[in-house]
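This report covers pockets, surface, salt bridges and backbone features of one protein model. The structure comes first, and the notes follow.

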Amino acid sequence: MALPRRYLLAALIPALVIMVALVAFPTVYMVTLSLQDYILTDPARSGDFVGGNNFARLTSDARFINAARRSLTFTGISVGVSMVLGFWVGKLITQQLRGANLARSLLIIPMVTTPLVAGAAFRFMLDLDLGVVNWGLESLGADRIPWLSSTQLALPSAALVDAWQWTPFVALVVAAGLESLPSEQLEAAKVDGASFWQELGHIVLPMLRPLLAIVALIRIMDAFREFDKIFIMTAGGPGRASETLPIYAWRVAFNAYDIGYAAAVGVAMLIAIILVSAAIVNRARAVEGV
């Protein structure tokens with residue numbers, strides 16, 4: 001029995017209200033602020049419409065450009081490590097091994113850990129003098145490593161922590177995808193004498209490509225806007241060595257009180273994510289021939 005149209009519309013109204021309140025309105029408000037000269041400490045000046053001046057300022061802001069490069073580096077390390085490790089962990093837990101079900105349960109722990117807690121825990125674990133990681137290295141006869149106080153290691157260290165938290169997500173999704181693959185093709189490949197790598201490259205990965213594209217898209221969007229773990233672990237330091245775009249936007253907004261320019265940074269991040277998402281989706285469709 002088909003439901004009346006009025007009933008369907010009434011059922012959708014709460015979801016639409018929530019979406020407008022939590023997504024549409026903040027986005028429109030942020031775009032509006034990005035077109036204004038909005039300084040919290042100068043009420044008389046705040047609210048003046050400046051058009052694209054804030055965005056033109058981004059193109060000549062060396063600090064913004066460097067922060068964008070760090071965001072790309074952070075995203076590349078985090079997504080790359082989590083995708084590779086997640087795939088192999090996902091493949092491992094689909095094998096008929098003792099403790100596989102327990103491993104699936106334990107994998108959920110990093111995912112449900114809040115980013116601030118994860119960042120705080122690793123901040124202590126990676127501490128130069130008191131961290132358990134350097135204690136272990138020293139016990140093995142190695143030198144202590146300044147994971148979070150080195151300008152070369154601070155950003156990669158934070159990216160690896162982010163990868164640690166979200167590798168289980170990739171692993172569980174990949175495991176579900178592997179278990180849903182048709183067994184006939186895999187069995188036929190084994191009968192034909194295909195090696196493990198031939199089976200992986202010619203059957204498993206092509207069939208999992210749409211799923212992997214979606215997972216990669218989710219990971220890229222999440223890593224590119226990561227703020228919590230970086231802030232609690234390094235606060236963008238030492239100096240500006242780990243100052244990514246979210247950290248820079250926060251500093252512009254709440255240290256310099258330049259809300260309009262901070263909103264422009266946020267809009268630029270949003271546009272970048274949209275463009276990357278569209279590229280990944282179009283690439284996946286082209287490969288699948290859709």
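Helices here are DSSP runs of H or I with at least four residues, numbered from the N terminus. The model is predicted.

Met19 has a relative accessibility of 52%; exposed means over 50%, so Met19 counts as exposed. Together with Ile18, Leu22 and Val23, Met19 makes a nonpolar surface patch of about 420 Å².

Rolling a probe the size of a water molecule over the atoms shows where empty space is left.

Which helices line the largest pocket? At least two lining residues come from each of α1, α11 (245-254) and α12 (259-288). The most is given by α12, which supplies 7 residues.

One of the helices at the largest pocket, α11, is mostly covered, with 8 of its 10 residues buried. Among the buried residues of α11 are Leu245, Pro246, Tyr248, Ala249 and Arg251.

**Salt bridges**

Side chains of opposite charge can pair when their charged atoms come close. How many salt bridges does the structure hold? The structure holds 10 salt bridges, and three of them are described here.

Arg144 pairs with Glu138 in a salt bridge whose closest N and O atoms are 2.8 Å apart. Arg144 has a relative accessibility of 30% and counts as partly exposed. Glu138 is also partly exposed, with a relative accessible area of 42%.

Asp162 forms a salt bridge with Lys229, with 3.0 Å between the closest N and O atoms. This pair links distant parts of the chain: Asp162 is in helix α7 and Lys229 is in helix α10 (residues 228-233), 67 residues apart. Are Asp162 and Lys229 buried or exposed? Both are buried.

Arg219 and Asp222 meet through their side chains in a salt bridge, at 3.4 Å from N to O. Because Arg219 and Asp222 are 3 residues apart in helix α9, about one helical turn separates them. Arg219 and Asp222 are buried. Through shared partners, salt bridges join Asp162, Arg219, Asp222, Arg225, Glu226 and Lys229 into one network.

**A contact across the sequence**

Leu72 lies in helix α3 (residues 62-93). With 57% relative accessibility, Leu72 counts as exposed. Leu72 and Phe224 are 152 residues apart in sequence, while their C-alpha atoms are 7.1 Å apart in space.

**Backbone features in the loops**

Most residues other than glycine have a negative phi, and most peptide bonds are trans. The loop between α10 and α11 contains Ala235 and Pro238. The phi of Ala235 is positive, near 55°. At 31% relative accessibility, Ala235 counts as partly exposed. Where in the chain does a cis peptide bond occur? The cis bond joins Gly237 and Pro238, with omega about -5°.

The loop between α11 and α12 holds Tyr257. Tyr257 is not a glycine, yet has a positive phi of about 60°. Tyr257 counts as partly exposed, at 36% relative accessibility.

Conventions: Residues numbered from 1 in each chain as written. Predicted model: local features only at pLDDT ≥ 70, side-chain atom pairs only at ≥ 80, totals over all residues. Heavy atoms only, no water. Patch = residues over 30% accessible without salt bridge, like charges linked within 9 Å, V, L, I, M, F, W, Y side chains within 5 Å. Areas by Shrake-Rupley, 256 points an atom, 1.4 Å probe, with all protein chains shown as cover. Salt bridge = Lys/Arg side-chain N within 4 Å of Asp/Glu carboxyl O. Buried < 20%, exposed > 50% of the residue type's maximum accessible area, 1.4 Å probe, protein only.
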